[in-house]
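Please read the points below with the sequence and the model side by side. They are meant as a colleague's note for someone new to structures.

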Amino acid sequence: MQHKTQLTLSFLLSQVLLLACAEDLECVPGFQQKVFYIEKPSEFTEDQLILNLKFDDCQGNNKLNFEVSNPDFTVELDGNLVALKNVSEVGRALFVHARSEHAEDMAEIFILEANEKRGALKEILKLEGNLGIPRQKRAILATPILIPENQRPPFPRSVGKVIRSEGTDGVKFRLSGKGVDQDPKGIFRINEMNGDVSVTRSLDREAIANYELEVEVVDMNGKTIDGPVRLDISVIDQNDNRPMFKEGPYVGHVMEGSATGTTVMRMAAFDADDASTDNALLRYNILKQTPTKPSPNMFYIDPEKGDIVTVVSPALLDRETMESPKYELVIEAKDMGGMDVGLTGTATATILIDDKNDHAPEFTKKEFQATVKEGVTGVIVNLTVGDRDDPATGAWRAVYSIINGNPGQSFEIHTNPQTNEGMLSVVKPLDYEISAFHTLLIKVENEDPLIPDIAYGPSSTATVQITVEDVNEGPVFHPNPMAVTKQENIPVGSVVLTVNATDPDTLQHQTIRYSVYKDPAGWLEINPTNGTVGTTAVLDRESPFVQNNVYTALFLAIDSGNPPATGTGTLHITLEDVNDNVPSLYPTLAKVCDDAKDLRVVVLGASDKDLHPNTDPFKFELSKQSGPEKLWRINRLNNTHAQVILLQNLKKANYNIPISVTDSGKPPLTNTTELRLQVCTCKKSKMDCSASDALHISLTLILLSLLSLFCL
């Protein structure tokens, strides 16, 4: 403020100097004095003359119109500034805007404390940088210029003058800086000959509030003679911006039953005008409340801070009794401190009354009935409750529990999230023969705890009477599955076991008949009366119907009910192995070259379908060979393999070699297989086995081999 006061006095002093230095000045439209300072009294009284403002539009001052930034003051047609009422508190500055058909100008009035005024001029004269009047003598006098924003045409218009004390003959004024030759260019210009400064278009303080220019005096060749000297141009604010709410949407929450004066939210508007003036001094007000019940004034807004608070009693702030839990407030922000001349902006504040759990859920009736058939699971009844709290919150959502009558945990209850109903289900089948009736005691609570002064009452519990209906249940095998171990190849007609099934319907005294349901190999039969299972064929462990030595069959037990009910029993027969399979030999064909050097013809393997100990180790033998020379022999390699070796090279022909294999069962079983040996001609890695000589094994040899098998 002190700096601004110094500038003001500097401006006044410069105006005096300007008048002293200028000769033959023409009429300059506008205020003849643009800045005033007055000593602040204890109070401005109503109709008090404060000062006289001289305004001349150079056209007769027809239809003058004055506007004052503070609505407590006015300017009369003759330029007298007077108070409209007794005013003890005012701002530090007033702005007066004058208009006519021919001119428009702004004057600024500073209100100073007494000590400020006495020392202001003395202090200003001590400063060097703010006046344009240095301690040393300077030829250029460039006083600060004040320009109201939003001036109307015509343009350009004169706003000030730069003076050179040594005259202007043979020299020119040159102006530079932001707004002249720097962006934004061309806003200001200076008359090169007389130093008159003019503005070329309307200014916007919110865009640029101050311009710092430089003035210098140059000769006709452009060489600087004096300067540069700083020229300050300040844009005076006008109330040309409405308050704006920029942070929306504005949504606030307050808990029902909150104490009077509870802060809900804050509304804050923005005004682009000068924050140091009343142009941006905002006051807030509630224009409208929707709905208007239970009170048209549910809320209050702090006019200065914008805080919205509750003003009704906690009893009225009851969500369950309100027409709607949502209120919309139209909030107005007005500048000029809320005066009638201020500009306004509005926004809508939405306030939601949040629910708290102040109502316990209550069953719609004290007793519910349900009927369920024995052996059935699923939902048997929906329990209904009422709750006055907000359905979107945990204060409404129900949680059910069975507090009595469920020792076997046969029942469960879950909440339907859409309807809040309790879905009572049977999760373990009920048995009519054990209990035909059940009584459950159910309690309902909320997800959220109740507020301290509310409790769950008798209406938050209910009983459920459940009746179990008897049904004809199928007989039950004991045990199920049934298991027995038998040796394969037992005689046909052998008894495997006797099955046992009982009827759960003990009160109905029914009879049971048995039948075969699934017998994949067709090996079994069952006595329909007593359940004895016998064989109708030989049991074969090696059958494809046997898996992992186990044969599985299913049987039915059918009671005499109307309609009859059926139970299924499973029988697993584990078959023990007997030595009933001869071993087999592989491969049965081998080839060898007639000039082969390696006479190890082939490695033979043996396998047996039986299990240990009825399989390996196997015994490999050759049948007797005819003729004086032995042509081959067989060597055992391990328990399951042997190797055939030629004792000499043979002629090209086909040979059949009978080989017997014996397993280790008790008694052992032997199998004789002929190995067909082809002796081929081999040339250049090609084997030719065609057109072999006749078979070289005589019939006598074959007969001898067969005879040897029978003698074992």
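1. Among the contacts in the protein with a separation of 6 or more, 67% join residues 24 or more positions apart, where a contact means heavy atoms within 4.5 Å. This is a predicted model, in which local features need pLDDT of at least 70 and side-chain atom pairs count only at pLDDT 80 or more, whereas totals for chains, interfaces and linings use all residues. Residues are numbered from 1 along each chain as its sequence is written, and side-chain values use heavy atoms, with hydrogens and water left out.

2. The mean pLDDT (the predictor's confidence in each residue, from 0 to 100) is 86, and 89% of the residues reach 70 or more. Over residues 117–137 the pLDDT is below 50, although this stretch has 35 contacts in the model beyond near neighbours in sequence. Where pLDDT is low, the predicted coordinates should not be read in detail.

3. The protein has three helices and 52 strands, taken as DSSP runs (helices H or I, at least four residues; strands E, at least two) and numbered from the N terminus. Of its 712 residues, 43% count as buried, that is, under 20% relative accessible area with a 1.4 Å probe, protein chains only.

Notes: Buried means under 20% relative accessible area, exposed over 50%, partly exposed in between (1.4 Å probe, protein chains only).
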